Amino acid sequence: MRLLLTSAGIKNASIDDALVELLGKPIAESNALCIPTGGYGSPYGSPAGTWRFITGNSDQPMCELGWKSLGVLELTALPSMDRERWVPWVQETDALLVSGGDALYLSHWMRQSGLVDLLPSLDAVWVGFSAGSMVMTPRIGEDFVGWKSPSGDDSALGVVDFSIFPHVDHPDLPENTMAAAEQWAAGLGVPAYAIDDDTAIKVVDGTVELVSEGHWKQFTP
Amino acid sequence: MGKPELAWNFISGQEPRCPMCELGWKSVGVLELTALPSTDEEKWIPMVEEADVLLVNGGDPMYLYYWMRESGLADLLPSLRAVYVGLSAGSMVMAPNIGEDFVRWEPPTGGDETLGVVGFSMYPHLDNPDLPDNTMANAEKWAAGLSVPAYAMDDETAIKVNSSVEVVSEGHWKLFNLEAA
């Protein structure tokens with residue numbers, strides 16, 4: 001699976017180039033499904049925030065990039081729908097655009113919906129921002145636990161083998177310093193990256209490449 | 001969900017066949033009923049209580065009914081100050097029942113019973129050229145199977161319910177089963 005794990009979406013030309021490379025064709029020729037689900041689990045999520053994400057009016061550019069077509073894939077609705085209906089939607093799409101919010105809530109619904117089991121077979125590029133990226137990691141770290149999962153721990157899907165600290169040094173998030181990221185990483189036991197909003201992590205068949213017009217840091221256990 | 005693209009069209013206000021979100025609201029938010037059971041009530045109930053309007057998409061009326069109940073939103077409706085604006089299934093779900101013709105998704109309880117917030121049933125999209133089955137003749141047969149007043153209405157018609165029921169129309173509509181009122 002190909003992943004573009006961002007902190008805040010397609011914020012600059014370098015990340016945009018990486019997205020087009022992963023798609024293998026222009027955005028205007030690519031079909032996308034957006035997944036707003038993560039937003040529902042976060043105290044910072046709101047109906048208006050979900051609307052801004054879906055309609056491409058947020059500060060995390062994703063849906064506004066000029067896709068050939070755009071649809072909404074609502075993970076919380078999938079368990080009450082026939083799989084024969086929604087599985088082909090996911091199989092046919094070129095990109096999954098995944099909102100931030102609460103990573104463990106999103107991880108829970110990735111499992112409940114069955115979408116996680118389909119991931120290895122999908123042709124789509126997974127484009128996440130914030131929690132939409134963190135959900136792919138083995139664990140998010142206690143600092144980021146908000147919504148309590150039934151398992152009670154901080155484990156996420158583990159599609160990649162490193163953890164992510166997003167929004168590092170963001171002016172609106174004074175706690176997201178590089179020093180805080182270093183402390184966070186120290187307790188993880190897995191490799192980790194702290195990335196700012198101008199940075200993305202490109203993963204193709206397990207090969208990791210950092211794409212950045214900002215700054216980032218790698219931590220090793 | 002209908003096709004994912006239809007959900008996007010509805011939310012982003014790009015559905016000229018059934019305009020709702022594009023009307024120029026001060027703010028628009030998405031209330032996802034299937035997510036509410038896993039969301040704190042303290043968070044979402046105030047948001048619903050503060051909204052001026054709920055814009056309710058069409059799709060499958062029984063599926064919507066199921067999630068209106070599962071989410072707890074159905075229980076809140078009587079106390080809300082918001083105006084409920086439905087289209088197609090979003091309107092039909094307010095009826096006591098929708099009629100067997102419109103049952104697709106089967107609720108666990110079976111049947112065609114819906115919320116019963118209003119005392120009449122609705123047959124939407126009457127004579128819509130894209131829906132050749134939605135004729136007045138079929139509406140009449142549908143109404144014959146119901147024991148409540150029933151409106152067949154075209155896409156230029158709405159039913160305004162306050163303390164009374166008023167039909168607002170620049171198109172055509174018909175009331176069946178008046179004797180049941």
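## Salt bridges and a sheet

At 40% relative accessibility, B:Glu166 counts as partly exposed. The model it belongs to is a predicted one. The side chain of B:Glu166 meets that of B:Lys160 in a salt bridge, with 3.4 Å from N to O.

Over all chains, the count of salt bridges comes to nine.

Another of these salt bridges is in chain A, between A:Lys202 and A:Glu21, whose closest N and O atoms are 3.0 Å apart. Where in the chain do A:Lys202 and A:Glu21 lie? A:Lys202 is in strand β8 of chain A, residues 199–204, and A:Glu21 is in helix α1 of chain A, residues 13–23. The two residues are 181 residues apart, and the pair links distant parts of the chain. Is A:Lys202 buried or exposed? Its relative accessible area is 6%, so A:Lys202 falls under the 20% limit and is buried. A:Glu21 has 53% relative accessibility, which is over 50%, and therefore counts as exposed. The pair also belongs to a network: salt bridges that share partners join A:Glu21, A:Lys202 and A:Glu209.

Chain A also holds a salt bridge between A:Asp154 and A:Arg139, where the closest N and O atoms are 2.9 Å apart. A:Asp154 is buried, with a relative accessible area of 5%. A:Arg139 has a relative accessible area of 23% and is partly exposed.

The sheet is in chain B. Which strands make it up, and in what order? The sheet is open and has three strands, ordered β3-β4-β7, with mixed pairing. Its edge strands are β3 (121–123) and β7 (173–176) of chain B, each of which pairs on one side only. From one strand to the next, the twist averages 20 degrees.

Within this sheet, β3 of chain B pairs with β4 of chain B, residues 150–153, in the parallel sense over three bridges. Which residue of β4 in chain B is the bridge partner of B:Tyr123? That partner is B:Ala152.

How values were computed. Residues numbered from 1 in each chain as written. Chains lettered and ligands numbered in written order. Predicted model: local features only at pLDDT ≥ 70, side-chain atom pairs only at ≥ 80, totals over all residues. Heavy atoms only, no water. Pairing = 2+ DSSP bridges. Helix = DSSP H or I, 4+ residues; strand = E, 2+ residues; numbered from the N terminus. Axes fitted to C-alpha atoms, helices over the stretch in contact; angles between N-to-C directions. Salt bridge = Lys/Arg side-chain N within 4 Å of Asp/Glu carboxyl O. Buried < 20%, exposed > 50% of the residue type's maximum accessible area, 1.4 Å probe, protein only.
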